[in-house]
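Have a look at the model first, and then we can go through it by topic.

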Amino acid sequence: MSHFWTFAVLLIFTWTGALTQDENRVVFSLGTFRNVTVPQNTTVQAVVSRIPSDVTHIVVQFHARNRNVTLSYTQVPSAGSAHTAADTGLLSPLLPQQTSLAWFLLSSHRRPVTGIGAILPYRAADPVPGACSLENDLKMDPNIHLRYNLFQTSIRFAPAHTGYARGGSPLACNATQERLEYDVYRYFLPTGDLSELTLLYHLQITASTQGMKDHGSKVATLSLTNGTSASFSSTPGQGVIYSVIVRDVGRNTSASYVPAHSYGCSFSSLLDGCLTLGRISTKVFFTLCGVGGLFVCFFGHRFFKCEMFWMGYVFAAVIFFVLLTKTTVLDYDIRLALAAVMGVVGGAVLVLSWWRFGSIMACVLVVGLILGFLLAAIVFYTPLGDLAVFRSAVAFWVTFSCIMVVVPLLFVRWPREGNIVSCGVSGGYAVVLSVNAYVCTSLSYITLDILKRFINTDFNRDFIRVPLRDIDLGMLTVWAVLGASGIALQLYRERQRPFFPPSPYVLWRQARERRKTNVLDPSHHVPGLPGRMRARIQGLLRKTEPADERTPLLL
């Protein structure tokens with residue numbers, strides 16, 4: 001179906017769904033979808049009536065793109081009676097003679113949450129998804145519990161039960177599992193399309209058992225003996241809908257769990273969120289940083305002014321980007337552009353401060369802080385960062401700051417060697433970041449992990465707790481080779497040179513003082529700048545004269 005007809009169907013669906021919802025009440029029909037809007041801090045009642053007598057249990061489900069909603073049996077949610085997620089559902093077995101049911105939707109977000117809801121009926125022969133839940137608060141949990149990190153998405157679900165009649169007594173869970181099999185399906189959303197309308201449209205297609213069988217692809221068949229969980233590789237920005245269909249082999253019937261979706265990224269993250277993936281501005285910014293880092297890695301100490309500009313640029317750009325992200329609601333591209341401008345200002349200020357005052361230690365302090373930040377980030381990127389003590393913000397930031405400050409103190413004793421090491425390590429890592437702008441690698445989260453701790457309120461280390469892949473090992477090797485070769489080359493080239501180049505302004509002041517006090521210095525007899533300029537103008541105005549004749553000047 002073309003995009004035009006897709007959005008046309010969605011607009012019609014949204015319009016008709018809005019007509020059936022009162023302010024705090026929405027009426028459903030069995031097997032149909034409805035557009036539902038949950039206002040801020042308001043409870044919406046979902047009602048279904050005229051339930052046929054052959055329906056034995058009902059699954060109600062609600063889907064939103066990236067905001068959680070609580071679906072509850074009662075108006076006041078409590079443990080064991082509600083479930084909260086972006087893809088949430090509840091299972092309700094029916095009593096004899098029961099013809100209507102009601103549930104309640106609640107959102108705690110500051111803005112209304114819009115999504116789609118559906119009520120799917122099942123009969124006595126159909127299996128009951130999630131009816132043998134033992135690990136969750138819900139006694140009957142038809143939901144797929146989804147977790148994702150940088151490279152992998154994992155799903156988990158509760159075992160099902162065989163169907164039974166209204167008011168009947170179900171068999172023990174262990175006695176029914178041999179008849180049940182669980183087919184895991186996966187359905188890919190259009191590549192690069194993160195819109196809510198597209199997601200809701202495709203969820204309608206795949207929410208039912210037959211819809212997922214017709215359009216999805218089966219990737220695994222599980223049973224209780226080999227576990228009710230599965231893992232898949234994921235790509236940030238690629239939307240995927242996961243579903244589990246439980247089959248009763250003896251009765252040849254099936255039922256669907258509540259589908260769950262994932263984009264492999266967060267819509268709330270301000271640094272590496274779904275809406276910032278693949279931006280041209282990101283590629284340009286990190287490509288320029290990578291080119292500068294490659295130069296600094298091998299020639300930074302030799303071309304000291306270039307190194308100071310690059311280090312000052314990185315230092316200022318990172319600080320201002322974090323401040324802009326934390327304190328403003330500007331668009332990502334604008335924040336990155338402003339950070340780049342402030343980075344240029346920061347690099348120019350660092351170069352001018354060295355040119356004017358010639359303070360090597362002040363410049364090396366900035367370089368040492370950058371290396372200290374990178375080393376501290378590496379320490380917390382290891383399993384040491386998973387320790388429970390560092391879940392406390394105070395413990396984490398105190399430890400991180402101590403590691404970061406120790407490095408500049410070592411530069412006081414070995415300033416040249418420390419500066420060269422900083423050039424090699426930070427320059428090589430800049431190359432890794434530039435590659436990450438085109439090919440995703442977990443090494444970028446060495447530093448992004450720290451920035452996300454400071455910026456994001458919903459920071460979760462599980463996103464980067466993944467084993468190193470081949471691309472990560474390759475980039476780690478590139479970083480090590482660049483750093484080691486850059487450090488070795490600069491130490492060899494600079495072994496007989498002065499520790500640091502002198503400040504141009506300091507040299508000029510020393511030369512001026514020498515001309516004033518040393519009459520034997522030939523430069524002492526050189527006129528000052530005003531005198532030289534006057535002589536140059538006079539030379540331009542004087543005409544060529546015969547020997548021993550001179551035209552008087554007016555100047």
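Which residues in H9 meet which residues in H11? Phe396, Trp397 and Phe400 are the ones in H9, and they meet Ile450, Arg453 and Phe454 in H11, where a contact means heavy atoms within 4.5 Å.

This is a predicted model, in which local features need pLDDT of at least 70 and side-chain atom pairs count only at pLDDT 80 or more, while totals for chains, interfaces and linings use all residues. Residues are numbered from 1 along each chain as its sequence is written, and side-chain values use heavy atoms, with hydrogens and water left out.

**Overall**
- The protein has 14 helices and 17 strands; these are DSSP runs numbered from the N terminus (helices: H or I, at least four residues; strands: E, at least two).
- Of its 555 residues, 46% count as buried, meaning under 20% relative accessible area with a 1.4 Å probe, protein chains only (exposed is over 50%, partly exposed in between).
- Among contacts with a separation of 6 or more, 75% come from residues 24 or more positions apart.

**H9 and H11**
- Helix H9 (residues 393-413) packs against helix H11 (residues 445-455) at an angle of about 135 degrees, with the axes 12 Å apart; axes are lines fitted to C-alpha atoms over the stretch in contact, and angles run from 0 to 180 degrees between N-to-C directions.
- That makes H9 oblique to H11 (under 35 degrees is roughly parallel, over 145 roughly antiparallel, 65 to 115 roughly perpendicular, and the rest oblique).
- The residues of this contact divide into five nonpolar, no polar and one charged (Ala, Val, Leu, Ile, Met, Phe, Trp, Tyr, Cys and Pro are nonpolar; Asp, Glu, Lys and Arg are charged; the others, Gly among them, are polar).

**H6 and H7**
- Helix H6 (residues 304-327) and helix H7 (residues 332-357) cross at roughly 140 degrees, and their axes come within 6 Å.
- H6 is therefore oblique to H7.
- Their contact involves 20 nonpolar, five polar and two charged residues.

**Nonpolar cores**
- The largest nonpolar core has 54 residues, of which Met308, Met311, Phe400, Tyr429, Ile446 and Trp479 touch the most other members; a core is a set of buried Ala, Val, Leu, Ile, Met, Phe, Trp, Tyr and Cys residues joined through side-chain atoms within 4.5 Å.
- H8 gives the most to this core, with 12 residues.
- Leaving aside neighbours within four places in sequence, Trp479 contacts Leu374, Ile378, Val425, Gly428, Tyr429, Val432 and Ile446.
- Another core, of 24 residues, lies apart from it and includes Ala160, Tyr182, Val184 and Ala260.
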